[in-house]
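Hi,

Here is the model I promised to pass on.

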Amino acid sequence: EGGVAAMNAQAKELGLDKKGGCVLAYNGGKIVDCVTGEALYQVQLGAEFVPELCEFAARQDVAILTYNSEGIVCERDQDVWANKECFTTKLPMIHVDDLASYVDYPICKMLITLDPARRDAVCIDLYPSSPFFIEAVPLGVAKDRSLAALLERMGLTRENLMACGDGLNDRSMISYAGVGVAMQNAEDAVKAVADYVTAADNNHDGVAEAIEKFILN
């Protein structure tokens, strides 16, 4: 799927396909072993929710997208907020006329994209991962749960885990980790649950700062 492919490209850049490592994608809905390509953990979005979510997005007059094997699929392929996901993932945007009908294959999440000024009003109980993204994932999917499953598989505990993040959907794993790190650009609610807030933001080596402070030193 497109989301995993985008993260696998970043993992390859880090050499995780050779050194070993895992990719946690779709807000924790899927964990993939970078060496073998095996899905170690996966929770899929019920097919019945796809048309419901598409109708919800249409009523709110916002874009909604998901992924196929080649990239991002969306009815509103010109939407400025939807195209931010293309920028983030480096995946192409593919127009489809009717997303609900198009998605006849298993997916792990859909993504609602919108003007940040409307996020909180539209959000309800969905997971905002940034000011302009709202994650629509299966009930119970969260980064702390999937990381707990991965740690158990590896014979490790949360005390062995450092988690870095900046989005509201990162709060659960930052709270769960032995060392939870929020980026300087994170919202206050994320910083509130962190053990440490970096001096740099996520675009200026904030993660490297945390690695140097808590792991290399």
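Before the rest, some housekeeping. This is a predicted model, where local features need pLDDT of at least 70 and side-chain atom pairs count only at pLDDT 80 or more, while totals for chains, interfaces and linings use all residues. Residues are numbered from 1 along each chain as its sequence is written, and side-chain values use heavy atoms, with hydrogens and water left out.

**The chain overall**

There are ten helices and twelve strands in the chain. Its radius of gyration is 17 Å, close to the 17 Å that the globule rule gives for 217 residues, so the chain is as compact as a globular protein of that length. (That radius is taken over C-alpha atoms, and the rule is 2.2 Å times the number of residues to the power 0.38.) The C-alpha trace spans about 50 × 40 × 30 Å along its principal axes.

Of the 217 residues, 44% are buried, where buried means under 20% relative accessible area, exposed over 50% and partly exposed in between (1.4 Å probe, protein chains only). The chain exposes about 11,300 Å², and carbon and sulfur atoms supply 51% of that area; accessible areas come from the Shrake-Rupley method with a 1.4 Å probe, and for residues only the protein chains shown count as cover. Taking contacts (heavy atoms within 4.5 Å) between residues at least 6 apart in sequence, 44% join residues at least 24 apart.

**The sheet around Asp33**

β2 belongs to an open sheet of three strands, ordered β1-β2-β3 with antiparallel pairing; two strands pair if DSSP finds at least two bridges between them. β1 (22–25) and β3 (39–42) are the edge strands, each pairing on one side only. On average, neighbouring strands here are turned by 10° against each other, direction ignored. Axes are lines fitted to C-alpha atoms, for helices over the stretch in contact, and angles run from 0 to 180 degrees between N-to-C directions.

Four bridges link β1 to β2 (residues 30–33). Ala25 has Lys30 as its bridge partner, and Leu24 stands opposite Ile31. The hairpin of β1 and β2 has four residues between the strands, and Tyr26 takes a positive phi near 55° there.

Asp33 counts as buried because its relative accessible area is 18%. Leaving out residues up to four places away in sequence, Asp33 touches Gly21, Cys22, Glu38 and Leu40.

**The cores**

Which residues touch the most other members of the largest nonpolar core? They are Ile64, Leu99 and Met110, in a core of 20 residues. A nonpolar core is a set of buried Ala, Val, Leu, Ile, Met, Phe, Trp, Tyr and Cys residues joined through side-chain atoms within 4.5 Å. α3 (49–60), β7 (110–113), α6 (119–123) and β9 (133–136) each supply at least two residues of this core, and α3 gives the largest share, five residues. Leu99 touches several residues beyond four places away in sequence, among them Cys54, Ile64, Val73 and Met110. There is also a second, separate core of 17 residues, which includes Ala63, Leu65, Ile72 and Leu91.

**The parallel sheet**

The other open sheet I noted has three strands in the order β10-β11-β12, with parallel pairing. β10 (162–165) and β12 (196–197) stand at the edges with a single partner strand each, so one side of each is left without a neighbour in the sheet. Two bridges join β11 (residues 179–182) to β12, and Ala182 stands opposite Val197. Helix α10 (residues 206–216) packs on this sheet and touches β10, β11 and β12; its direction makes about 160° with that of β10.

Cheers
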